[in-house]
Amino acid sequence: MPLTYEMRFYGDLHCDTLWRCYENRTDLEAPGLQVRRGLPFRHLQTYAIYIPDTEPDPYRYFRAVYAYAREMLRKYPEMKLCRNAREIDESFAAGQTPYLFSVEGGGFFGTNSHKNQRTAAELREKGVAFLSLCYNRGNHLAGGVHSEQGLTAAGREAALMLREEGITLDLSHLNRPSADALLALLPDHVAATHSNCFSLTPHPRNLSDEQIRAIGARSGLIGVNFYPPFLTGKNTAGIADILAHVRRITALAGGETAAFGSDFDGISRTPEDLPDTGALPQLAQRLFAKWGAEQTDAFLYGNMRRYLERSLR
Ligand SMILES: [Zn+2]
């Protein structure tokens, strides 16, 4: 049976569209956005709330961006914030466009366990499904890809608390020692929402083969990132390069691990044949030609959906 993209579901584990809107005080109609509105297929978007590692009061910053995002997204009656897989299913069934939040650089957690617990519960209540403890530079919780520091005691405590709430620890911006320490600590609730394979493209933002296997062994998710330097090490890339990373992840970790984390609106360059979410059906066609309908649906959405059903209990 040929692949009819209108019938398909798509999911994205990461975009920076909200950050762009917040910075420019614009909305989803702003010209030039790579995550587009009104797509002719069903699409579940995860919107990242990015917090700089240097931000003195990260939680206040988070609340400011979150408030802006909720207010701005309320303009679009079809958009529905979902907190678990059932709400996502219901939202799709009602013809709505479901979305989730993630946090990139969540240096919120201190030494007060009660306060930490409250923060984690509040994040979950606000629809945060994925959180990375730091961004590239690192903070008092963990080291980012531009630092040598490992996971700290406070970072470990925060990770366990987040797992307890059902929030997934995102390894994407962590350096190798910090990510490895989280993998050793957590039997599940781990993902790399927008990272590729180091063995194909040796970039510090990409994952080692051991990490990819470890994420697979924890039934985690890896969102293949569309940024050409992470795909090819060069400024240009195409869907063929995305397919190569999907193939490698699948060879190492099995067919339930790979998904997509476009990084759209956070990247200045895109694959030539995948400039924005409107071109996702082309990616679907190419996946289908290689893997057939069932596995294509798993990569596009099924793996993400199944994962969220387990994590967001
Ligand atoms: Zn990122």
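A residue is called buried here if 20 or more other C-beta atoms lie within 10 Å of its own, exposed if 12 or fewer, and partly exposed in between, with C-beta atoms placed from the backbone. The model is predicted: local features need pLDDT of at least 70, side-chain atom pairs count only at pLDDT 80 or more, and totals for chains, interfaces and linings use all residues. Residue numbers start from 1 along each chain as its sequence is written.

**View 1. Helix α7 and its buried residues.** Helices (H or I, at least four residues) and strands (E, at least two) are DSSP runs, numbered from the N terminus. Helix α7 covers residues 209-217. Its buried residues are Q211, I212, A214, I215 and G216. They pack against helices α6 (176-185) and α9, and against strands β7 (190-192) and β8 (221-224). Contact means that the C-beta atoms of two residues, placed from the backbone, lie within 7 Å.

**View 2. The crossing of α7 and α9.** Helix α9 spans residues 239-253. The two helices pack at an angle of about 65 degrees, and their axes are 8 Å apart. Axes are lines fitted to C-alpha atoms, for helices over the stretch in contact; angles run from 0 to 180 degrees between N-to-C directions. The crossing is right-handed. That term applies if the near helix is turned clockwise from the far one by less than a right angle, and left-handed if anticlockwise. From α7 come D209, I212, R213, I215 and G216; from α9 come I249, L252 and A253. By class, this contact has 5 nonpolar, 1 polar and 2 charged residues. Ala, Val, Leu, Ile, Met, Phe, Trp, Tyr, Cys and Pro count as nonpolar, Asp, Glu, Lys and Arg as charged, and the others, Gly among them, as polar.

View 3. S219 lies in the loop between α7 and β8. Its phi is near 55 degrees, a positive value in a residue other than glycine. S219 is buried, because 20 other C-beta atoms lie within 10 Å. D265 sits in the loop between β9 (258-260) and α10. Phi of D265 is near 70 degrees, again positive in a residue other than glycine. D265 has 21 other C-beta atoms within 10 Å, so D265 is buried.

**View 4. L182 in the largest nonpolar core.** A nonpolar core is a set of buried Ala, Val, Leu, Ile, Met, Phe, Trp, Tyr and Cys residues joined through C-beta atoms within 7 Å. The largest one has 86 residues. I49, L182 and I222 have the most contacts inside this core. Helix α10 (residues 280-311) gives the most to the core, with 12 residues. Which residues is L182 in contact with, leaving aside neighbours within four places in sequence? They are L151, A159, L169, L171 and V190.

**View 5. R37 in a loop.** R37 is found between α1 (17-24) and β2 (42-50). Is R37 buried or partly exposed? R37 counts as partly exposed, because 14 C-beta neighbours lie inside 10 Å. R37 touches L28 and E29, not counting residues up to four places away in sequence. Y76 is 39 residues from R37 along the chain, and their C-alpha atoms are separated by 9.6 Å.
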